[in-house]
Amino acid sequence: MTAPRELIVKRVARFLKDGDVVNLGIGMPTLVANYVPEDVHIVLHSENGFLGLGPNPKPGEEDPQVINAGGQLVTILPGGCCFDSAMSFGIIRGGHVNVSVLGALEVDEEGNLANWMVPGKLVPGMGGAMDLVAGAKTVIVAMEHTTKNGEPKILKKCRLPLTAAKEVNIIVTELGVMEVTPEGLVLKELAPGVTVDEIQSKTEAKLIIPEVIGSME
Amino acid sequence: MKGWFRLKKVVSREEALSHIKEGQTIMIGGFLAVGTPETLVDGIIEKRIGNLTVINNDTAFVDKGTGKLVVNRLIKKFIGSHIGTNPETGKQMHAGELEVELIPQGTLAERIRSAGVGFGGFLTPTGLGTVVEKGKQKIEINGKTYLLELPLRADVALLKAAKADESGNLIYYRAARNFNPLMAMAADLVIVEADEIVPKGSLDPDEIVTPGIFVDMIVKG
């Protein structure tokens with residue numbers, strides 16, 4: 001059986017289309033880059049100021065001034081280019097990023113997203129997340145379906161401070177794929193071996209169940 | 001003053017630091033300390049210039065970039081988008097010892113740019129429906145709602161460049177560009193730490209990113 005995170009990032013990778021400009025958030029979303037199909041060519045955007053984000057450097061080829069938004073050493077692929085932060089966020093806000101993939105603390109049936117703070121506990125700051133979610137054409141949330149304690153993260157209404165209102169389009173978890181629609185969350189696909197009852201029992205929002213549900217793999 | 005510096009912009013680190021004063025608002029380039037002028041930051045620490053309002057994307061790490069100013073308790077207020085990589089910032093904030101104003105990164109960049117290019121502000125969708133919209137004017141244009149964001153200026157900007165010529169024209173390296181070209185336009189006094197200082201005319205005018213007219217002083221990094 002595929003590990004949950006691998007299942008999630010593999011499925012997210014299949015949403016990407018040839019020619020897409022894509023921004024991958026810190027953590028699990030970064031792994032999506034490893035599973036992009038060979039015939040799909042995407043350009044990765046790094047919010048700290050370049051396009052053409054490449055894999056981690058080989059030992060001995062590290063450049064301390066080439067990092068991603070998470071501070072990890074990366075590379076810039078041939079054809080890549082560097083720019084300042086106003087250009088970087090102009091690219092984001094201007095709708096030139098086709099897909100933004102981010103993690104979430106909470107997401108709800110209206111497409112609201114909370115992923116930048118837990119009042120009194122964790123206040124790292126929003127960094128570029130608010131711009132990315134407001135600006136990217138398609139916002140995909142990639143996350144584990146529940147918290148470590150098994151509590152739902154997909155809610156009727158987010159309780160934590162929002163990163164953006166009504167901007168999420170697709171939610172991919174290890175249990176399934178959901179699409180945000182004006183009517184609510186539609187269950188599009190299920191992971192192998194997962195039933196409608198199981199995914200609903202771990203989701204606070206009421207899922208809309210279409211006649212045909214696809215398989216995530 | 002600017003006229004004098006235009007004649008001779010390359011100065012000693014000591015000379016540059018003598019113009020930074022207690023209590024000023026200081027912009028510092030860098031993203032997780034990449035593109036931060038570390039020797040100027042170290043100079044502020046050596047001289048114990050405190051009570052500062054610092055504008056930087058983030059507070060980097062405890063031993064790098066603006067993070068070192070936090071650890072040395074020289075900052076009264078920090079304005080930026082992210083403090084998560086430096087636990088000391090959160091600690092001082094929760095203890096009420098450091099005021100922190102968090103701004104979405106794109107809004108921070110554009111507020112600084114606005115100050116530099118003469119805009120009275122700009123309209124952005126970023127932050128709508130979040131705590132960021134608190135106290136801000138909402139304006140509807142063609143059926144879409146935006147937040148009005150205002151310019152952000154500083155007394156001093158401390159920048160890092162890969163190359164500066166003697167006129168102050170700047171070229172950056174890779175991800176070290178980030179906020180530096182924007183801050184170059186938005187402060188009364190602009191001090192650049194350059195890895196390399198080259199004679200006038202040795203940079204190709206087409207490759208220069210920041211025009212030298214924004215730069216008051218250049219220090220060898």
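Predicted model: local features only at pLDDT ≥ 70, side-chain atom pairs only at ≥ 80, totals over all residues.
Local features rest on pLDDT of at least 70 and side-chain atom pairs on pLDDT 80 or more, while totals for chains, interfaces and linings use all residues. Residues are numbered from 1 along each chain as its sequence is written, with chains lettered from A and ligands numbered from 1 in the order in which they are written.

Chain A first. Strands count as paired if DSSP finds at least two bridges between them. Strand β6 (residues 106-108) runs antiparallel to β7(A), with 2 bridges, and A:Glu106 sits opposite A:Ala114.

Over in chain B, strands β6 (residues 138-141) and β7 (residues 144-149) are antiparallel too, joined by 4 bridges. B:Ile141 has B:Lys144 as its bridge partner. The hairpin leaves 2 residues between the strands, and B:Asn142 takes a positive phi near 50 degrees there.

Then there is the largest nonpolar core, with 123 residues. Such a core is a set of buried Ala, Val, Leu, Ile, Met, Phe, Trp, Tyr and Cys residues joined through C-beta atoms within 7 Å; buried means 20 or more other C-beta atoms within 10 Å of a residue's own, with C-beta atoms placed from the backbone. B:Ala157 and B:Ala186 have the most contacts inside this core. Strand β8 (residues 154-165) of chain B gives the largest share, 7 residues. Beyond its neighbours within four places in sequence, B:Ala186 is in contact (C-beta atoms, placed from the backbone, within 7 Å) with residues including B:Met27, B:Ile112, B:Leu152 and B:Ala157.

Note on methods. Buried ≥ 20, exposed ≤ 12 C-beta atoms within 10 Å, placed from the backbone. Contact = placed C-beta atoms within 7 Å.
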